[in-house]
Amino acid sequence: MEEQTVTAASVITFCGLLEDGAAALYEELARRFPAYGEQATAFAKECRKSKLLVLRTYQETITDAIEAGYAFGGLRLGDPLFGVALDEGMSAAEALGQASALEAAAAAFYVDIADRSQALLATIPGAFRRAGRTHAQRLQRLESLPR
Amino acid sequence: MAILDEPIKGVATLQNYIDGSWEDSEGPLRDVVNPATLKTIARVPISTKSELRRAVEAAQAAYPDWRRTPPLARVRCLFRLKELLEQNFEELSRIQTMEHGKTIDESRGETRRGIEMVEVATGIPSLMMGQTLEDVSSGIDEYLIRQPLGVFGIIGPYNFPFMVPLWFAPFAVATGNTIVLKPSSEDPLSQIHIAELAEEAGIPAGVWNVVNGGREVVDGMLSDPDIKGICFVGSTPVGRDVIYKRCGETGKRVISQCGAKNFALVMPDADIPKTIATCMTSFFGNAGQRCLANSNLVVVGQGMSADEHEAFYQQIAEAFVASASKISMGYGLDESIQMGPLRDVEKKRRVMSYIEQAEREGGQLLLDGRTPKLMGDYPTDAFLGPTVFGKVSPDMAIAREEVFGPVAALMKATDMNEAIEMIHANPFGNAASIFTSNGKWARDFQYRVECGNIGVNIGLVAPMAFFPFSGMKDSFFGTLHGQGQEVIRFFTESKVVIQRWF
């Protein structure tokens with residue numbers, strides 16, 4: 001299979017899909033398990049904010065002079081991070097477990113792309129780190145929730 | 001990867017924007033073709049001289065009121081324009097990809113650079129201030145006022161259809177002048193969209209006019225006595241022999257930014273992986289259609305034996321070719337693409353002729369891009385892959401002339417003196433770069449090289465909006481450059497007042 005090249009544009013699109021996927025998961029979690037509704041709705045809002053942060057940073061700092069097309073050499077963008085619809089009949093504990101897995105993977109992904117984008121303008125890796133931190137903190141909060 | 005949604009649907013016939021109205025032209029129509037798909041995406045009129053004249057009259061009529069409009073009120077229009085450009089950021093970027101062929105990352109970068117020009121121009125209330133000195137003699141004060149001049153003509157190139165006219169237009173308007181802008185007839189769509197936004201931003205009728213067209217419009221601008229100055233970006237033969245010469249004859253101010261042949265030196269202490277990564281953007285970004293693109297990579301053997309120098313050259317050549325051969329090509333609206341097509345088939349033919357000539361002249365073809373492999377099913381007519389020649393000598397055509405395509409020439413120089421002599425033997429002087437960890441070498445390079453834009457570990461020396469876009473020798477004709485303080489001086493006359501009250 002042909003190797004897919006990963007450009008800044010494709011990374012940003014991927015981040016958007018990731019955050020949308022995470023937000024959708026929390027919205028579904030809130031709908032199905034009202035006990036966690038308030039918390040999950042707040043998490044969904046955070047995801048949308050992270051999407052905006054990353055997109056805005058990219059659009060505000062990209063110039064025709066940065067190595068946007070070549071900054072992410074070797075990175076592979078799969079799709080498992082946002083294929084996270086909750087299965088029918090899942091318990092609340094299982095749903096929270098799925099959310100935790102997503103958060104852990106997302107936090108690691110952002111750390112990776114922040115490291116890879118050091119050559120770009122500083123605000124780009126900065127935004128990735130900030131988004132990654134949000135995922136990591138959410139993971140902690142998820143794990144502290146009563147099951 | 002999925003193709004982003006195309007913002008241009010159907011095939012519209014473009015109009016001119018004159019005196020705040022959108023008007024059909026009487027001139028013949030020319031197709032605007034997306035070079036990646038070869039589909040016609042618009043029809044652009046080749047306007048007549050009389051249509052240009054009406055635009056100049058409208059600009060001339062709008063000038064007195066616009067000049068009297070306080071700078072703060074003028075820049076409020078630009079603040080609104082900036083906001084509208086932000087709101088339309090993605091659509092404007094995709095239009096550029098469709099009309100020109102560049103990748104979506106490149107288009108977004110171009111959009112950002114263009115918006116930055118508007119942002120800097122909004123600082124006009126401070127940037128346009130004059131100077132005052134009290135008591136230059138007993139009881140006498142002297143001050144300098146910067147005043148606008150009237151109507152300016154702006155002639156845009158095809159390689160940066162969105163950004164380059166914005167090197168001038170927002171500064172001209174902010175300083176109180178009015179403009180008549182002719183976009184490249186090859187890719188005029190983004191300028192048409194900007195004019196729509198300028199109208200929406202409330203820039204008064206007649207201040208910002210757009211006339212589509214070709215040579216007749218350019219000729220009309222050059223001969224029109226009401227046009228006080230011309231801003232041009234394009235090839236050296238046109239910029240020097242037509243624009244600069246005619247402006248001299250008719251007493252117009254002129255900024256004529258022209259062709260280039262940019263050298264990049266790799267010194268023995270350069271960070272090779274970072275240098276090569278930077279070179280990919282510099283040599284092959286925008287498919288090499290940039291006046292700031294590096295095209296000659298000179299491997300310098302400063303302090304090395306002949307064998308060491310050859311080994312260093314081989315190391316660089318292998319790394320360069322390995323990276324270049326991985327560049328993905330296709331339609332720029334596919335986000336995984338790193339390089340799009342040339343602007344049109346004719347331009348590809350021209351670049352191909354340079355490749356053939358280099359082969360005849362004995363160049364060592366290390367990477368041949370003539371049979372490009374595309375991501376996606378697109379006609380290859382305008383696509384040309386990265387092409388790399390090794391052991392190129394300075395007298396070969398690909399080392400001397402502006403190829404304006406994705407063709408790299410790898411060369412050797414025994415030391416920095418020889419490399420600088422190569423640069424100086426070339427008639428162009430737009431940009432030059434050095435890759436090194438040695439501050440003294442970098443400083444010597446910056447000090448000695450006769451080029452307008454110097455990069456130290458930077459491959460693409462694109463000055464920011466608040467600095468002038470410099471250029472020397474056959475790369476620039478005029479006195480003051482585009483962007484920054486220089487362009488504000490270009491668009492204003494310095495009036496000196498010496499005042500005494502009895």
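Predicted model: local features only at pLDDT ≥ 70, side-chain atom pairs only at ≥ 80, totals over all residues.
**View 1**
A:F14 is buried. A:F109 is buried too. The ring centres of A:F14 and A:F109 lie 5.0 Å apart, with the planes at 55°, so this pair counts as tilted. A:F14 belongs to helix α1 (residues 8-32) of chain A, and A:F109 belongs to helix α3 (residues 92-116) of chain A, so the pair ties together parts that are 95 residues apart in sequence.

**View 2. An aromatic cluster in chain A.**
Over all chains, the count of aromatic pairs comes to 18.

**View 3. A tilted pair in chain B.**
B:F466 and B:F467 have ring centres 5.8 Å apart. Their planes meet at 55°, so this pair is tilted.

**View 4. Charged side chains over rings.**
In chain B, the charged end of B:K347 sits over the ring of B:Y158. The distance to the ring centre is 4.3 Å. In chain A, A:R138 lies over the face of A:F43. Here the distance from the ring centre is 6.0 Å.

**View 5. An open sheet in chain B.**
Three strands make up this sheet, in the order β1-β5-β4. Their pairing is mixed. Which strands form the edges? They are β1 (12-13) and β4 (29-33) of chain B, and each pairs on one side only.

**View 6. Where β1 meets β5 in chain B.**
β1(B) and strand β5 (residues 40-45) of chain B run parallel. Two bridges join them. B:T13 stands opposite B:R43 in β5(B).

How values were computed:
Residues numbered from 1 in each chain as written. Chains lettered and ligands numbered in written order. Heavy atoms only, no water. Phe/Tyr/Trp six-rings, centres within 6.5 Å; stacked < 30°, edge-to-face > 60°. Helix = DSSP H or I, 4+ residues; strand = E, 2+ residues; numbered from the N terminus. Buried < 20%, exposed > 50% of the residue type's maximum accessible area, 1.4 Å probe, protein only. Lys NZ or Arg CZ within 6 Å of the ring centre and 35° of its normal. Pairing = 2+ DSSP bridges.
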